[in-house]
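Hi everyone, thanks for coming.

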Amino acid sequence: MSSNKPRAILIDVIPPSLDKKIADRRIFELESLTRTYGGMVVVKIIQKKSIPDYKTFVGSGKITEIVDLAKKEKVELLVLNNILKPHQIFNIEKQVERQGIAVWDRIDMILKIFQKHATTTEAKLQIRLAGIRHMGPRIFRMGLELGQQAGGIGTRGSGETNIEVMKRHLAEQERSIKKQLEKISKTRSVHRQRRDRLGLKTVSIVGYTNAGKSSLLNALTRKGAYVADELFATLDTRVAKLYLPPSPDVGRRTSDAGRSILLSDTIGFIQDLPPQLIDAFRSTLEETVLADLILHVIDVSDPFMHEKIQEVEAILDQLGVREVPRLYVFNKIDLKKRIPRTALIKQYKSQSPVFVSALKKDGLEDLKHALAREILD
Ligand SMILES: Nc1nc2c(ncn2[C@@H]2O[C@H](COP(=O)(O)OP(=O)(O)OP(=O)(O)O)[C@@H](O)[C@H]2O)c(=O)[nH]1
Ligand SMILES: [Mg+2]
């Protein structure tokens with residue numbers, strides 16, 4: 001074995017009645033996440049179960065099987081595609097800790113990728129906050145179990161004291177991180193007020209992760225945002241100025257100066273985006289909430305395009321973005337031979353669909369005109 005990538009077993013617990021196509025998509029997405037993290041997928045296990053097991057989520061028989069396999073395959077990582085209760089992760093961990101195998105659920109996985117990609121102070125703080133909120137209960141639980149064990153051998157109470165200390169420590173950390181985040185958020189709102197005073201309209205680029213949001217920002221503005229075939233390549237918000245040409249049919253109603261807008265790129269969405277993360281990233285996403293227009297970038301070559309559109313809309317809903325008008329941008333048209341433009345235009349009529357390739361810089365003029373029509377003319 002020449003590779004030193006962590007070897008991983010992926011496990012997805014799904015309801016027995018789940019459509020095969022959807023089940024495939026779920027495990028495929030977990031594979032992409034694992035690859036983005038830098039792991040190597042050794043085995044994928046789909047476990048059909050109508051009700052998750054209280055103790056181990058997966059079920060004790062299956063877990064024993066998986067643990068044996070993990071030892072045989074010398075993996076370092078078990079990744080579950082579900083959101084587990086702290087005690088469930090703890091119970092699985094107990095069975096593999098001697099082998100040095102880590103157990104992550106979907107939130108852990110996403111947090112690890114975020115950690116890897118975070119560059120700004122704000123993103124790093126937001127991830128630490130989400131981590132405390134996610135890991136916190138697990139640590140209490142572990143403390144509790146240790147406390148009970150300790151109690152059994154006559155050192156009653158010491159465990160509980162430890163829990164209290166840990167609780168206090170985490171609560172203090174959480175408070176301090178929140179304070180720092182508030183400060184950054186205030187600075188941002190000062191920036192926003194300044195931009196408001198300039199009278200510039202703002203457009204927020206949103207979309208499923210890997211749809212091509214940063215590519216589009218770069219193609220339109222040469223801003224140099226980080227682009228990668230990875231999930232969650234972008235974690236901060238980037239704002240760039242964009243000049244919109246006057247529409248030929250409207251003529252020059254506004255002055256040249258009045259034809260600039262601000263375009264912002266931000267973190268991508270994913271199905272089941274853990275609420276802890278939405279919460280922690282709320283201030284980054286504020287930019288989106290307060291925009292004049294949402295530019296929703298969609299990968300038209302994605303077989304799950306329609307599902308992903310719905311999932312992005314659901315997250316926008318969670319963020320309280322309901323009234324802001326949408327413009328749907330179907331990207332990556334270079335990847336698909338036959339694009340059902342007419343059908344898409346009909347289905348998403350009120351979102352004024354536009355078709356582009358950020359990579360080939362195709363359709364960008366149409367997009368600029370559509371933007372101008374929506375917010376300037
Ligand atoms: N073929 C093709 N590839 C594209 C196009 N636009 C983006 N890509 C590729 O898609 C991948 C993701 O692009 P990004 O711009 O990083 O996507 P993003 O939506 O910002 O992704 P996150 O920040 O990770 O959520 C990269 O490999 C891009 O090169 C396009 O129009 N055509
Ligand atoms: Mg990006």
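Let's start in the middle. The largest nonpolar core here has 86 residues, and those with the most contacts inside it are Ile-11, Leu-78, Val-79 and Val-329. Helix α4, residues 106-117, gives the largest share of this core, with 6 residues. Please keep in mind that we are looking at a predicted model.

Take Leu-78 from that list. What does Leu-78 touch, leaving aside its neighbours within four places in sequence? Its contacts are Ile-9, Ile-11, Ile-66, Ala-70, Ile-92, Val-96, Ile-101 and Val-103. You'll spot Ile-11 there, another of the residues with the most contacts inside the core.

Now a step back to the whole protein. There are 12 helices and 10 strands. Of the 377 residues, 36% are buried. If we take contacts between residues at least 6 apart in sequence, 72% of them join residues at least 24 apart.

On to the ligand. Ligand 1 is surrounded by 24 residues, and the closest are Gly-212, Ser-214, Ser-215, Thr-234 and Gly-268. By class, that shell has 9 nonpolar, 10 polar and 5 charged residues. Which helix supplies the largest share of the shell? That would be α7, residues 213-221, with 3 residues.

So let's zoom in on α7. Is this helix mostly buried or exposed? Of its 9 residues, 8 are buried, so α7 is largely enclosed by the rest of the structure. The buried ones are Lys-213, Ser-214, Ser-215, Leu-216, Leu-217, Asn-218, Ala-219 and Leu-220. And what covers them? The cover includes the strands β5 (201-207), β6 (238-243), β7 (260-265), β8 (293-299) and β9 (326-331), along with helix α12 (364-375).

Why does a lysine count as buried here? Beyond its neighbours within four places in sequence, Lys-213 is in contact with Ile-205, Gly-207, Thr-234, Asp-265, Gly-268 and Val-297. Two of these, Thr-234 and Gly-268, are also among the residues closest to ligand 1. Lys-213 and Gly-268 are 55 residues apart along the chain, and their C-alpha atoms are separated by 8.1 Å.

Just after α7, Arg-222 takes a positive phi of about 55 degrees.

Note on methods. Residues numbered from 1 in each chain as written. Chains lettered and ligands numbered in written order. Predicted model: local features only at pLDDT ≥ 70, side-chain atom pairs only at ≥ 80, totals over all residues. Core = buried A, V, L, I, M, F, W, Y, C linked by C-beta atoms within 7 Å. Buried ≥ 20, exposed ≤ 12 C-beta atoms within 10 Å, placed from the backbone. Helix = DSSP H or I, 4+ residues; strand = E, 2+ residues; numbered from the N terminus. Contact = placed C-beta atoms within 7 Å. Near = placed C-beta within 6 Å. Nonpolar A, V, L, I, M, F, W, Y, C, P; charged D, E, K, R; others polar.
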